[in-house]
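Hi everyone, thanks for making time this morning. I'd like to walk you through one model and a handful of its side-chain and helix contacts.

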Amino acid sequence: MASVIASSSNLLHFLPSSTDPPYELLKENPSLSLLSKCKSIKTFKQIHSHFIKFGLHNTQFAVSKLIDFCAVSPYGNLPYAVSIFDSIHNPNHVIYNMMIRGYSVGSAPKSALRCYVKMLFFGLEPNSYTFPFLLKSCAKLPTAQTGKQVHGHVFKFGLDSDVYVHTSLINMYAHHGDLDDARMVFDKSPLRDAVSFTALITGYLSRGYVDRARELFDEIPVRDVVSWNAMISGYAQIGKFDEALSLFREMRNAEVAPDVSTLLSVLSACARVGEIETGDWIKLWIEENRLDSNLQLVNAMIDMYAKCGNLHTARKLFDGTKEKDIVSWNVMIGGYTHMSEYKKALEMFRLLQLNKVEPNDVTFLNIIPACAQLGALDLGKWMHTYIEKHYHDFPNETLWTSIINMYAKCGNIEAAKQIFYGTKTKSLASWNAMISGLAMHGDASKAIELFSKMAKEGLFKPDEITFVSVLSACCHAGLVDLGRQIFKSMVQDYNISPQLQHYGCMIDLLGRAGLFEEAMELVERMEIEPDGAIWGSILCACRIHKNLELSEFAAEKLFKIEPNNPGSYILLSNIYARAGKWDEVARIRTLLKDKGMKKVPGSTSIEVDGTVHEFLVSDRTHLRSEEIYMMLDEIDTVLEKAGHVPDTSEVYYDVDEELKEGVLCEHSEKLAIAFGLISTKPGTTLRIVKNLRVCGNCHTATKLISKVYGREIIARDRSRFHRFKDGSCSCMDYW
């Protein structure tokens, strides 16, 4: 195909001919200029009609530009490119190369090979532009067999010495995991530049051969930024974040300027290990080099600062970003959730809604855990409904597991069961979430039954998390013998080495059963050093069973491990008080005062009409505080008539009995319940979440409140759920 020239309306019209007209004549046509500025397929079709009107489609050069736009441009359309290609009489090798490139970029690697075969059939010889994209297509095929045949063609046409073809061969073999063949191509060629080194390094890293990749990296005579990026990102992708940051420091010392890819990898590594100093350096470098308009980098910085705990700087960057995308919102919401700022995470989600930004699955993966932690069931339900409506068939199993976990932690275990049993494709994580949820709710028999079903039917092999959940179920129900069996089975049948959480469950189980000798024997047999949680379990068990001698031993261990944790000092003080050792109580209180430590304040939250309300002990900051305390007085009067007498033995401070009773009556959970009673209709279930263990006095009082007011009250403390109904609790007073 070529053209001859005729004149029409001051513009040349090109007729079919055996050769293309001179380039100087073609380039003057305004349609080519319009094509270079085209940003949509709709506009392209209009330009295409102009090409036909003036006969440009009769020239190979102009048609190649059409193919280039359709096949390669991000605004193009590959099927449209195919229709143009099929209409060309005798396309040249440039047009074939463009079609092969278009197929390689898309998801039709076999079409690229068919195009290549057709090219050979019509007698056109491939060149150095043909093979890089053809080999890229081969890399997308299931095996390297076809790639090896193409490799033979590379030799046949004498292109094995071309640097781009050489690198493409290495990439193709490396992609298929044929690293020996990739290394052979590399070793047998004199074309060892930074690009070919990097191709092989990337191959080694993709298969986990980090040491080989590093050896090869160290051999590169002159490393460019791409080489550094490959090694740094390789370290980051396999979780070797310290090595990634160390290599980045080497890169800076070598005075190689980082690019956007470098900065993204390093910021990710900083976020994972909390390396804020390097993050600060990158922020300054980005600002100095005027890259602060790059949204990818800004989002990465927000993520890094948030995960490093500097939420102020993260929020400042977020607020200063004019053109935010969904990633910007996700990293900010995720940052608040990561740092346990759950209320702020919910506030950010509401701001997202007000800005009419469409959430995606990552948004929900970040915000649903915040709902779970706060017990925000209404908001969690709304999210579940939204997901079902917009992502009903969404294959993200993690998202559905998160919803199961949310319902369980918000106290609606029946909804969690419904999601779990209604999910077609379950993962091990979803089984673990359901078993854990049942355990938290004190339904040990159902939790163990579900565990047995999973194990016996061979659906999934239980992992470390599974056994933590099952042992936790035994612990909540006091099932000592079964707990021993499961712990033994975990080690012997599943070859899982016990971790701190497994030991913690068993020691807590034994301690609460008063089996201190067996518990301490297990501590001595531990292959890892006991942590504060384990000694804390022993100390709590000593409080229950009034074991003063062991409590002092456990407390001393705790003071060494967690010298700044006031909880252990207060617990020991309470044990001394119960034993009447007031001198020791005074000593511990003085020690606390001298160290400047204060007890973590108890707080309880309750969700009403989609808003989470939080209360502290004797809290009077709520807008409806006067009404709350009036209801509290009513509760106290009703409870007194029902025969409830506050147990002041748990308030060990040197105050009179009347003041002790006042302190107990104003505990945060009672304030939350009072607010729930005045804010909801009679018969509405109240769900509260407390950050500490519920005290015995409030536990007894809540049982009576549930009976007197005819309310079901579901309370989650730091370790389990209590379902109060008709004057009794699901924990059977064992917690």
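This is a predicted model: local features need pLDDT of at least 70, side-chain atom pairs count only at pLDDT 80 or more; totals for chains, interfaces and linings use all residues.

Residues are numbered from 1 along each chain as its sequence is written, and side-chain values use heavy atoms, with hydrogens and water left out.

Let's begin with the rings. How many aromatic pairs does the structure hold? There are 22. Rings of Phe, Tyr and Trp (for Trp, its six-membered ring) pair if their centres lie within 6.5 Å; planes under 30 degrees apart are stacked, over 60 edge-to-face, and the rest tilted.

Take Phe85 and Tyr96: their ring centres are 5.2 Å apart and the planes stand at 80°, so this pair is edge-to-face. Phe85 sits in helix H5 (residues 78-86) and Tyr96 in helix H6 (residues 93-105), so the pair links parts of the chain 11 residues apart. Helices here are DSSP runs (H or I, at least four residues), and strands (E, at least two) are too, numbered from the N terminus. Both Phe85 and Tyr96 are buried, where buried means under 20% relative accessible area, exposed over 50%, and partly exposed in between, with a 1.4 Å probe and protein chains only.

Another edge-to-face pair is Phe318 with Trp329, at 4.9 Å centre to centre and 80° between the planes. Phe318 belongs to helix H19 (residues 311-319) and Trp329 to helix H20 (residues 326-338), so the pair ties together parts 11 residues apart in sequence. Phe318 is buried at 1% relative accessible area, and Trp329 is buried at 5%. Ring pairs also join Phe349, Phe364, Trp382 and Tyr386 into a cluster.

Charges meet rings as well. The charged end of Arg212 sits over the ring of Tyr209, 4.8 Å from its centre, and Arg252 lies over the face of Trp281, 3.9 Å from the ring centre. The rule is NZ of Lys or CZ of Arg within 6 Å of the ring centre and within 35 degrees of the ring normal.

Now the helices. How do H24 and H26 lie relative to each other? The axes of H24 (residues 397-409) and H26 come within 9 Å and cross at roughly 5°; axes are lines fitted to C-alpha atoms, for helices over the stretch in contact, and angles run from 0 to 180 degrees between N-to-C directions. H24 and H26 are therefore roughly parallel (under 35 degrees; over 145 is roughly antiparallel, 65 to 115 roughly perpendicular, and the rest oblique). Thr401, Ile404, Ala408 and Lys409 of H24 make the contact (heavy atoms within 4.5 Å) with H26 residues including Ala429, Ser430 and Met440.

Ser427 is in the loop between helix H25 (413-422) and helix H26 (428-440). Ser427 is buried, at 12% relative accessible area, and touches Glu397, Thr401 and Phe460, leaving aside residues up to four places away in sequence.

Most residues other than glycine have a negative phi. Arg290, however, has a positive phi near 55°, and Asn495 has a positive phi near 55° too. Arg290 is exposed at 73% relative accessibility, and Asn495 is exposed at 69%.

That's my tour, and I'm happy to take questions.
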